[in-house]
Amino acid sequence: MSCIFCRIIAGEIPAKIIHKDDELIVIEDINPVAPLHLLLIPKKHIATVLDLSESDDKLVGRIYRLAADLARKYGVAENGFRIVANTNADAGQTVFHIHFHLLAGRAMGWPPG
Ligand code: 5GP
Ligand code: ZN
């Protein structure tokens with residue numbers, strides 16, 4: 001298995017695990033770009049947002065609601081946070097197993113670089 005996130009989900013590669021359930025895992029990003037930088041990752045291997053199917057609709061909804069719960073838990077809900085799913089080259093996607101960055105803890109620029 002070559003996908004790094006599948007290997008983390010399988011327990012083959014260590015990660016700082018914040019949350020785990022039957023469908024999702026949340027880990028700390030190894031190279032944080034904000035004071036809070038979590039990755040919300042479905043256990044199912046889906047390469048990019050372009051590969052989502054109708055049967056994944058509930059899963060994506062769950063990811064957003066979990067991100068909101070985590071933002072509240074980490075005390076960043078009021079100040080604000082960003083949920084980002086980089087897709088393909090122009091967006092800078094480097095791991096081709098979908099994941100949602102939860103970024104918070106500092107003011108962020110817009111538009112993103
Ligand atoms: P992307 O660039 O695809 O949007 O995001 C991939 C993210 O995964 C990057 O922020 C990168 O730091 C993170 N990452 C890559 N490899 C690992 C790893 O082995 N462990 C953890 N915790 N994060 C990783
Ligand atoms: Zn994978």
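## Strand pairing, a zinc site and a pocket

Leu-39 has its bridge partner in β5: His-101. The model is a predicted one, in which local features need pLDDT of at least 70 and side-chain atom pairs count only at pLDDT 80 or more, while totals for chains, interfaces and linings use all residues. Residues are numbered from 1 along each chain as its sequence is written, chains are lettered from A and ligands numbered from 1 in the order in which they are written, and side-chain values use heavy atoms, with hydrogens and water left out.

**The strands**

Helices (H or I, at least four residues) and strands (E, at least two) are DSSP runs, numbered from the N terminus. Two strands pair if DSSP finds at least two bridges between them. By that rule β3 and β5 are joined by 5 bridges and run antiparallel. β5 also pairs with β4, again in the antiparallel sense, over 4 bridges. There, Arg-82 stands opposite Leu-103 of β5. β3 has another antiparallel partner in β2, over 5 bridges. Val-26 faces Leu-40 of β3 in that pairing.

How many residues of β5 are buried? Buried means under 20% relative accessible area, exposed over 50%, and partly exposed in between (1.4 Å probe, protein chains only). For β5 the count is 5 of 5, so the strand is largely enclosed by the rest of the structure. Both of its faces are covered. Phe-100, Leu-102 and Ala-104 lie on one side, His-101 and Leu-103 on the other, and all are buried.

β3 is mostly covered too, with 7 of its 7 residues buried. Leu-36, Leu-38, Leu-40 and Pro-42 point one way from β3. His-37, Leu-39 and Ile-41 point the other way, and these are likewise buried.

**The zinc site**

Which residues hold the zinc ion (ligand 2)? Its donors are Cys-3 (SG), Cys-6 (SG), His-45 (ND1) and His-97 (ND1), at 2.0 to 2.3 Å. Donors are N, O and S atoms within 2.8 Å of the metal (3.2 Å for Na, K and Ca); water is not among the atoms, so sites may look incomplete. The angles among the 4 donor atoms run from 105 to 118°, and the site is tetrahedral. Four donors count as tetrahedral if all angles lie between 85 and 135 degrees. Four count as square planar and six as octahedral if opposite donors are over 155 degrees apart and all others between 65 and 115; anything else is irregular.

Along the chain, the donor spacing reads C-x2-C-x38-H-x51-H.

**The largest pocket**

The largest pocket has a volume of about 710 Å³. Among the 31 residues that line this pocket, the closest to its centre are Asp-29, His-37, Leu-39, Asn-86 and His-101. Two or more lining residues each come from α1 (4-9), β2 (24-28), β3 (36-42), β4 (81-84), α3 (88-91) and β5 (100-104). The most come from α1, which gives 3 residues.

On a 1 Å grid over the protein atoms alone, a pocket is an open set of points with protein on both sides within 12 Å along at least five of seven lines, whereas a cavity is a set where a 1.4 Å probe fits but cannot get out; lining residues have an atom within 4 Å of a point. Grid points are joined across faces, edges and corners, and a volume is the space filled by probe spheres set on the points.

The lining divides into 16 nonpolar, 9 polar and 6 charged residues. Ala, Val, Leu, Ile, Met, Phe, Trp, Tyr, Cys and Pro count as nonpolar, Asp, Glu, Lys and Arg as charged, and the others, Gly among them, as polar.

**Selected residues**

| Residue | Relative accessibility | Class |
|---|---|---|
| Cys-6 | 14% | buried |
| His-45 | 42% | partly exposed |
| Asn-88 | 32% | partly exposed |
| Val-95 | 17% | buried |
| Arg-72 | 54% | exposed |

Asn-88 belongs to helix α3. Its phi is near 65°, a positive value in a residue other than glycine. Val-95 is in the loop between α3 and β5. Arg-72 is part of helix α2. Its C-alpha atom is separated by 23 Å from that of Trp-110, 38 residues apart along the chain. The peptide bond from Trp-110 to Pro-111 is cis, with omega near 5°. Pro-111 falls in the segment after β5.
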